[in-house]
Amino acid sequence: MSVVRPLAARVVRQGYAADNVSRMLDTLPAAERPGAVEARTDALRTVTEDAYAATDTAFYVYRLRRGDEEHVGVVGDVAHEAFLDGRVRGHEAVQPRRVEGLVEHFSSAAVRSELVALLHRPVPEVVAVVDQAVVADPVLTFTGPDDWEQTVWRVPQSASTVLAAELGRRVHYIADGHHRVAASLTVWERRGRPSGAGVMCVMYPFDGLRLRAFHRRVTGPVRTDELLALLAAGFVVREVAGAGEVEGFCGVYVDGRWHDVVHPHERLPGVAGLDVAILDEQVLAPLLGVAPHASPRLEIASALDGVAALTQACDSDGGALFTLRPPTLDQLIEVADRGEVMPPKTTYFDPKPYAGIFIR
């Protein structure tokens, strides 16, 4: 039996989508999570029959579209065992407290509504099924959070066997939802590993999502001469006019000036060869005197928000900003295949799936 199966779930009705679809709990800022967890749990305890339509077990095509961007995946059920035996592989370490918070939420909610995003190598047979499915009328289309147009099509039963077989024989990689997976596995274990249980997933081809980076900022004061001497000892450093001229493994903004930092040595395989690992080991740890993520002086910011506010903060407190590019997809796959995990806040995928479209 395939580890990827059609999904037994109810789908939100068109008129109720705006009120029931929202961001995943673990994607919210930390300050918003406690109240959101309580509100979501209460909402899921009182889901009305009118809001969700009962449907036959099926695969679905799920599309997120905004402007010129379009991201299309297949929604189905993936067996818990696949996350344990290497058929689904992760690349990110999880935080136990966040996992336990989700375990409590999943255990108390009457229904589950969250999706996990997976990536797989493109499969022509899957592409053909998706292309055929989206020609039909959708079961749902609406503009949801963050102005993403969200559309869902039900895949005909005649094509389910193809999807189950082709997706079931592929290795999948977790793009978004490491904490959701860890919590789901914990709940499954505590309930005695019931047979037939799985995780609701949306499965994308490798080019189906975008990789994003996180930048690092060290709060001031930072001694500019000491930092530049530290960089010069292991890297090639040159001053540049702005962030747009950075070509090396990272950019550094300190004392009102930008610097391009090039790593001139051969890289190690796996995690050790990632830009963020090199920065942590050779720059941030010596600069901070402790493991970087143990220091209260280290701030992490999404690259999606730009660098203007971060450079202003450095100008204000005398800190230093380190800008990074996201790892490549090949690097992510290598890390996952080696059974390693990336340092915290190395990368993230965008856009993330939303909760509340499917419930069970």
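Q: What does pLDDT tell you here, and how does the chain score?
A: pLDDT is the predictor's confidence in each residue, from 0 to 100. This is a predicted model, and the chain's mean pLDDT is 92, with 93% of its residues at 70 or more.

Q: Where is the pLDDT under 50?
A: One such stretch is residues 33-37, for which the model has eight contacts beyond four places in sequence. Another is residues 39-46, where pLDDT is below 50 and the model shows 15 contacts beyond near neighbours in sequence.

Q: How do you know that the end-to-end distance of α6 agrees with its number of residues?
A: Helix α6 covers residues 157-168, which is twelve residues. The expected span is 1.5 Å times one less than the number of residues, so α6 should span 16 Å, and its end C-alpha atoms are 17 Å apart, which agrees.

Q: Which residues of α6 are buried, and what covers them?
A: Ala159, Ser160, Leu163, Ala164, Glu166, Leu167 and Gly168 are the buried ones. Their cover includes the strands β1 (4-5), β5 (69-79), β7 (116-120), β10 (172-176) and β11 (198-205), along with helix α5 (124-133).

Q: Why is Thr346 called buried?
A: Buried means under 20% relative accessible area. Thr346 has 8%, so it counts as buried. You'll find Thr346 in the loop between α11 (329-337) and β18 (347-350).

Q: What does Thr346 touch, leaving aside its neighbours within four places in sequence?
A: Thr346 is in contact with Arg212, Ala213, Phe214, Arg216, Val276 and Pro327.

Q: What makes β17 a mostly covered strand?
A: Five of the five residues in β17 (320-324) are buried. In a regular strand the side chains alternate between the two faces of the sheet. In β17, Ala320, Phe322 and Leu324 are on one side and Leu321 and Thr323 on the other, and all are buried, so both faces are covered.

Q: How do you know that β12 and β14 pair with β17?
A: Pairing takes at least two bridges between the strands. Three bridges join β12 (210-218) to β17, and five join β14 (250-254) to β17, so both count as paired. Each of these pairings is antiparallel. As for who faces whom, Arg217 stands opposite Leu321 in β17, while Val254 has Ala320 as its bridge partner there.

Q: Why are β3 and β19 called edge strands?
A: The open sheet has three strands in the order β3-β2-β19, with antiparallel pairing. β3 (52-54) and β19 (358-359) each pair on one side only, which makes them the edges. Strand β2 (10-12) pairs with β3 over three bridges, and Arg10 stands opposite Ala54 in β3.

Q: How do you know that Cys314 is in no disulfide?
A: A disulfide needs two cysteine sulfur atoms within 2.5 Å. For Cys314 the nearest cysteine sulfur is that of Cys250, 13 Å away, so Cys314 is in no disulfide. A search of the whole structure finds zero disulfides.

Q: Are Cys201 and Cys314 buried or exposed?
A: Cys201 has 0% relative accessibility and Cys314 has 4%. Both values are under the 20% cut-off, so both cysteines count as buried.

Key
Residues numbered from 1 in each chain as written. Predicted model: local features only at pLDDT ≥ 70, side-chain atom pairs only at ≥ 80, totals over all residues. Heavy atoms only, no water. Helix = DSSP H or I, 4+ residues; strand = E, 2+ residues; numbered from the N terminus. Buried < 20%, exposed > 50% of the residue type's maximum accessible area, 1.4 Å probe, protein only. Contact = heavy atoms within 4.5 Å.
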